[in-house]
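I opened my notebook to record what I looked up in this structure. The entries follow in the order in which I made them.

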Amino acid sequence: MTFLGMPPVGQGNLHGRPFPGEARKALANDQQRANLRKATGTIRGKRAAVVGELDDWEELRLAGAAIKDQVLYDLPALLEQFEAAFTAAGGVVHWARDAAEAGAIVTGLVQAAGARHVLKVKSMATQEIELNEVLEAAGITARETDLAELIVQLGHDQPSHILVPAIHRNRAEIREIFRREIPGVDPALSDRPADLAGAARTYLREQFLDATVAISGANFAVAETGTLCVVESEGNGRMCLTLPKTLISVVGIEKLLPTWQDLEVFLQLLPRSSTGERMNPYTSFWTGVTPGDGPSDVHVVLIDNGRTRVLADEIGRQALRCIRCSACLNVCPVYERVGGHAYGSVYPGPIGAILSPMLTGFGDHADVNTTLPYASSLCGACFEACPVRIDIPEVLVHLRAGAVDAKRGKKVPTAEQLAMKALGWVFSSPRRLEAAQKAGWAGSAPLGGERGKIGALPGPVIGGWTSARDAPTVPRESFRSWWKKSGRTRPGSPGVGPGEPGSRAALAGEVARPPSDPELTTGEPS
Amino acid sequence: MRVALFLTCFNDTVFPDTGRAVVRLLERLGHTVEFPLAQTCCGQMHFNTGYQREALPLARNFVDVFGEYDAVVAPSGSCAGMVRHFYPRLAEVSGSASFASAVDEIRPRVHELSEFLIDVAGVEDVGAYFPHRVTYHPTCHSLRMLHVADKPLRLLRNVRGLELTELGGADECCGFGGTFAVKNAETSTAMLADKVRHVLDTGAEVCTAGDNSCLMHIGGGLSRLRTGVGTLHLAEILASTEDEPYGVTA
């Protein structure tokens, strides 16, 4: 059911299959794991080195977070300011509520320009709305020009990383893709990176010279001046931004910065966090149309696609600070092992685990989004690396709470609900905890066998654990039972929790009794 | 100074030796330790799994039980982290101003063991003796939530007879993550495999850490593979002396 004024739900490349199963498949791909281990390890080292050079890195992070929070707070006014400035500079602003509207607008613009082929600058927003597929359905070919995106496109594959979309491929695989897909390529092409880049350059140069329309995203949109900015490494983006007659940029509404000066902060944060460079090689800015210089027909499509939904979430909205640097992916121990495809979304890794469920209205879908908030061990490496201080573990836990609360009140409780409820009941009283400890010993001790450790067992919970790990048995004597016998508790110490009001005195009396087993009063473990 | 041991429900039940070690260590250093018997669980497992409503009464109990102490010592980075980092969020959920102020008041008095020893008790050499080759795994919550930094290592470097070997990839998660190890058991296993590999590379006899939950995970892998390498909580190494040596539990 849709109500007037309800924020649109994110559509597009955000709805893969549930995480645990896709992760299981990915874990079995030894080649991908070797590639990811090497690539993420290299980027982690580079990032750490260039971040370590700056004395004011923490201040920069705080400034980045504060500027983005200001953007989110003032978003409606800043969007209108950007629209006015971009329009005054000769550009045309379009607004899209979701992926379908954005796709239709871009398709219409390309058709109006009379083009059958378009060039693409690497862009997460256009991947999110599946623009290439939409254009293809309208008979328009979109050619990716970022080297890694080209590898993914020629390999009929999906990106698996925000910054390095082909991170799951190694040079031998890339050579095979090029030999198979690039017309007229040298069949003796080597797998040296320089030769592979050379083959791509030759192929792309022809495309640049023929194209009349280019489509980009933007890293930043400056409200004050109406300026768009693309940060890149290869220069292929700049070719697209300058050679064609028509330039269409698809930009998420959260990409705004209030003023030109704010770029000072973000152009330090972004390259160091993403490629591990002090500065990236190519940074392009354009403000509407400049007669005689660059495209003469300039458009921007501002997309919501679930973003106002995220903005409405007080804890989750910090995800909209994201500048797509991918530092969180590179430090994530889960991402390093399962790769990007398991996240079932254009946004993989820790940021994807919070952003995709929120963009899509987490909880309404039987897809990856209900599983993503659990695709983390909450180790916190992502928060530490994030240049705009998105507390990803905090948002993950918040999303888990939302999922749990959405399931409350259903007639048939889940096994997890029953277990959590039972444990809550046990922990609400020290007496029940003590009884449970005794039951735990009685239940687990026989499973311990000769080694006193629990080996592989069947079952959904214990089976997952014991498939690769032994489990300890519960010792006969808990600490609290030892403590009571050790004679250390003073009469009058608080004894009983809120589950049993008024019984403090009774318990204090009980523990003041002489210990019943003198052997257990020495204070030493056996 | 009244010092309370917040042992955690998990240690109380599964690793009582760690509790005894903390008591022995702190008493040796001249502190009187109390174990308020009304303590149960801080609510971390409920909170991290999304059951905030169920975690709230446990947090209220924690604040009631430990509110009167000058210092609360926990041999667990993740449970101390729960109180220090996430109780304010639970206070928000509760909507209770009195609970929120009780939380604010208790948070700075809750210390992970190495923090208590160095920051509160002011001691780096606890007089321990442990003649073994040891490697230290910094658990995620002690490292990134509590920022204990090198405090556990400073304590270990002062243990006589102990040969400390550096763990490769030390700051990387072992893959435990509470219910993560169950909900995504295979991904967790892949993380564990790398941690086990790094531990074995050190040639250590014992892998130690400030959290028995992570050690149960790492130790579960070491034991399944019959590596002959054990795990032992930091408290048990620090409690060990020449006269009263602690054994390796593996």
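Does His147(B) count as buried or exposed, and how many C-beta neighbours inside 10 Å decide that? I noted first that the model is a predicted one. I then found 10 C-beta neighbours inside 10 Å for His147(B), so this residue counts as exposed, since the cut-off for exposed is 12 or fewer.

Entry on backbone angles. I looked up His147(B) again and found its phi near 55°, a positive value in a residue other than glycine. I placed His147(B) in the loop of chain B between helix 8 (140-145) and helix 9 (151-157). I also looked up Glu130(A), where phi is near 50°, again positive in a residue other than glycine. Glu130(A) sits in a loop of chain A, between helix 6 (124-128) and helix 7 (131-137). Is Glu130(A) buried or exposed? I found 20 C-beta neighbours inside 10 Å, so Glu130(A) counts as buried; the cut-off for buried is 20 or more.

Entry on the core. I looked up the largest nonpolar core and wrote down 221 residues. Among those with the most contacts inside this core are Val118(A), Ala214(A) and Ile392(A). Helix 5 (residues 77-94) of chain B gives the most to this core, with 8 residues. Which residues does Val118(A) touch, leaving aside its neighbours within four places in sequence? I listed Val110(A), Leu135(A), Ile140(A), Ala142(A), Ala211(A), Val213(A), Ala214(A) and Ile215(A) as its contacts.

Entry on the domains of chain B. I found chain B divided into domain 1 (3-120) and domain 2 (133-239). The centres of these two domains of chain B, taken over C-alpha atoms, are 22 Å apart. Their contact takes 26 residues from domain 1 of chain B and 22 residues from domain 2 of chain B. On the side of domain 1 of chain B that touches domain 2, at least two residues each come from helix 1 (9-14), helix 2 (16-28), helix 3 (44-49), helix 5 and helix 7 (113-120) of chain B. I sorted the residues of that side of domain 1 into 11 nonpolar, 10 polar and 5 charged.

Entry on the two chains. How many residues of chain A are in contact with chain B? I wrote down 60 residues of chain A, in contact with 57 residues of chain B. Helix 18 (residues 392-407) of chain A gives the most to the side of chain A that touches chain B, with 5 residues. I divided the residues of this side of chain A into 35 nonpolar, 15 polar and 10 charged.

Conventions. Residues are numbered from 1 along each chain as its sequence is written. Chains are lettered from A and ligands numbered from 1 in the order in which they are written. This is a predicted model: local features need pLDDT of at least 70, side-chain atom pairs count only at pLDDT 80 or more; totals for chains, interfaces and linings use all residues. Helices (H or I, at least four residues) and strands (E, at least two) are DSSP runs, numbered from the N terminus. A nonpolar core is a set of buried Ala, Val, Leu, Ile, Met, Phe, Trp, Tyr and Cys residues joined through C-beta atoms within 7 Å. Two residues are in contact if their C-beta atoms, placed from the backbone, lie within 7 Å. Domain bounds come from an automatic or database domain assignment. Ala, Val, Leu, Ile, Met, Phe, Trp, Tyr, Cys and Pro count as nonpolar, Asp, Glu, Lys and Arg as charged, and the others, Gly among them, as polar.
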